[in-house]
Amino acid sequence: MKYIQANVIFPENLLKEIQKYVQGEMIYIPKPEGIRKRWGENSGNRKQLDHRNTKIWEQFHEGATIDQLVDTFSLSYDSIKKIVYSKK
């Protein structure tokens, strides 16, 4: 998160309104709900996990057992179960 001076980005009337509540302090203004990214979207981790989970789901539906998938993907039995029974 980067620091930006309020007087550079806010119109003067809005800055004065904000100054009624806080002066000389740092505040965090969150993004609106629809704009927020899910965990891992910036780093690419979300895409990798989705790809891995799709492979697990496909292998299970092609006949692999949960125990085989536990060994192949080094995940817990319960994690594999969640993936194969909730995907798609």
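This is a predicted model: local features need pLDDT of at least 70, side-chain atom pairs count only at pLDDT 80 or more; totals for chains, interfaces and linings use all residues.
I started at Ile 4, which sits in the segment before α1 (6-9). Ile 4 comes out as partly exposed, at 45% relative accessibility.

Next, the inside. In soluble globular proteins, nonpolar side chains tend to be buried together. Here the largest nonpolar core has ten residues, including Ile 56, Phe 60, Leu 69 and Phe 73.

Leaving out residues up to four places away in sequence, Phe 73 touches Arg 52, Lys 55, Ile 56 and Gln 59.

Then salt bridges. How many does the structure hold? I noted three.

- Glu 12 pairs with Lys 16, with the closest N and O atoms 3.2 Å apart. The two are four residues apart in helix α2 (residues 12-19), so about one helical turn separates them. Glu 12 is exposed at 57%, while Lys 16 is partly exposed at 48%.
- Glu 17 meets Lys 20 at 3.1 Å, N to O. I have Glu 17 down as partly exposed at 35% and Lys 20 as exposed at 61%.
- Arg 46 meets Asp 50 at 3.8 Å, N to O. These are four residues apart in helix α3, so again about one helical turn lies between them. Asp 50 is partly exposed, at 31%.

Notes
Residues are numbered from 1 along each chain as its sequence is written. Side-chain values use heavy atoms; hydrogens and water are left out. Buried means under 20% relative accessible area, exposed over 50%, partly exposed in between (1.4 Å probe, protein chains only). A nonpolar core is a set of buried Ala, Val, Leu, Ile, Met, Phe, Trp, Tyr and Cys residues joined through side-chain atoms within 4.5 Å. Contact means heavy atoms within 4.5 Å. A salt bridge is a side-chain nitrogen of Lys or Arg within 4 Å of a carboxyl oxygen of Asp or Glu.
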